[in-house]
Amino acid sequence: MKIKLTLAALTLAAMGLTGCTSISKTYPINRVNSGVELMPLNRNEYKVIGDTQGEACAKYLLGGKLPWFSGTPTKTVSGIEGGGGSFMASLPIIGGLFGGQEKVIQEATYEALEKVPGADALLSVRTRTQKKYSIPLFYREECATVQGKAFAIKTDAGSLE
């Protein structure tokens with residue numbers, strides 16, 4: 001009986017230390033914050049510059065984003081920094097409350113835009129996210145890949161070449 005209990009306990013412990021991965025893909029048709037009305041641009045009001053892709057990952061140990069206590073700036077597109085920023089995300093145990101998948105997607109979008117000089121935004125945005133839990137509640141990794149067509153908005157001061 002004691003051997004069976006020990007074997008059951010070891011089996012449960014091994015199952016608890018195994019990891020899991022989840023992958024999702026999205027293609028948001030209208031990517032506008034609620035309460036904001038955006039008039040559609042006419043084709044002559046913007047210029048498609050080219051295809052682009054950005055990637056970003058965040059690694060968490062004991063709930064805090066690595067590297068711990070880094071205070072490195074986060075890269076966002078909208079400029080809305082909710083939840084305390086990267087320093088709060090790097091704190092062990094409570095850091096997971098201030099990070100998350102949306103922050104990783106924002107950073108990947110920023111990276112995609114940075115690759116195309118003069119780009120204002122993206123069209124036909126496709127997002128692929130992946131969460132990997134190597135040891136549940138101990139270590140996880142969240143990654144995002146954002147693809148789309150970079151475009152620039154034409155201004156009244158002149159037209160884009």
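Two salt bridges are found in this structure, a salt bridge being a side-chain nitrogen of Lys or Arg within 4 Å of a carboxyl oxygen of Asp or Glu. The model is predicted, so local features need pLDDT of at least 70 and side-chain atom pairs count only at pLDDT 80 or more, while totals for chains, interfaces and linings use all residues. Residues are numbered from 1 along each chain as its sequence is written, and side-chain values use heavy atoms, with hydrogens and water left out. Here is a short tour, by topic.

**Salt bridges**

- Side chains of opposite charge can pair when their charged atoms come close.
- Asp51 and Lys149 meet through their side chains in a salt bridge, at 2.7 Å from N to O.
- Asp51 sits in strand E2 (residues 46-61) and Lys149 in strand E5 (residues 139-153), so this pair ties together parts that are 98 residues apart in sequence. Helices (H or I, at least four residues) and strands (E, at least two) are DSSP runs, numbered from the N terminus.
- Asp51 is exposed, at 60% relative accessibility, and Lys149 is partly exposed, at 35%. The classes are buried for under 20% relative accessible area, exposed for over 50%, and partly exposed in between (1.4 Å probe, protein chains only).
- The other pair is Arg140 with Glu142, whose closest N and O atoms are 3.0 Å apart.
- Arg140 is buried at 16% relative accessibility, and Glu142 is buried at 3%.

**Nonpolar core**

- The largest nonpolar core has 15 residues, and among those with the most contacts inside it are Val104, Leu122 and Val146. Such a core is a set of buried Ala, Val, Leu, Ile, Met, Phe, Trp, Tyr and Cys residues joined through side-chain atoms within 4.5 Å.
- E2, helix H3 (101-114), E4 and E5 are the elements that give two or more residues to this core.
- H3 gives the most, with five residues.

**Ile49 and Ala119**

- Ile49 lies in strand E2 and is partly exposed, with a relative accessible area of 39%.
- The C-alpha atoms of Ile49 and Ala119 are 7.2 Å apart, although 70 residues separate the two along the chain.
- Not counting residues up to four places away in sequence, Ala119 touches Ile49, Leu113, Ala150 and Phe151; contact means heavy atoms within 4.5 Å.

**A backbone detail**

- Most residues other than glycine have a negative phi.
- Ser124 has a positive phi, near 50°.
- Ser124 is placed in strand E4 (residues 121-135) and is partly exposed, with a relative accessible area of 33%.
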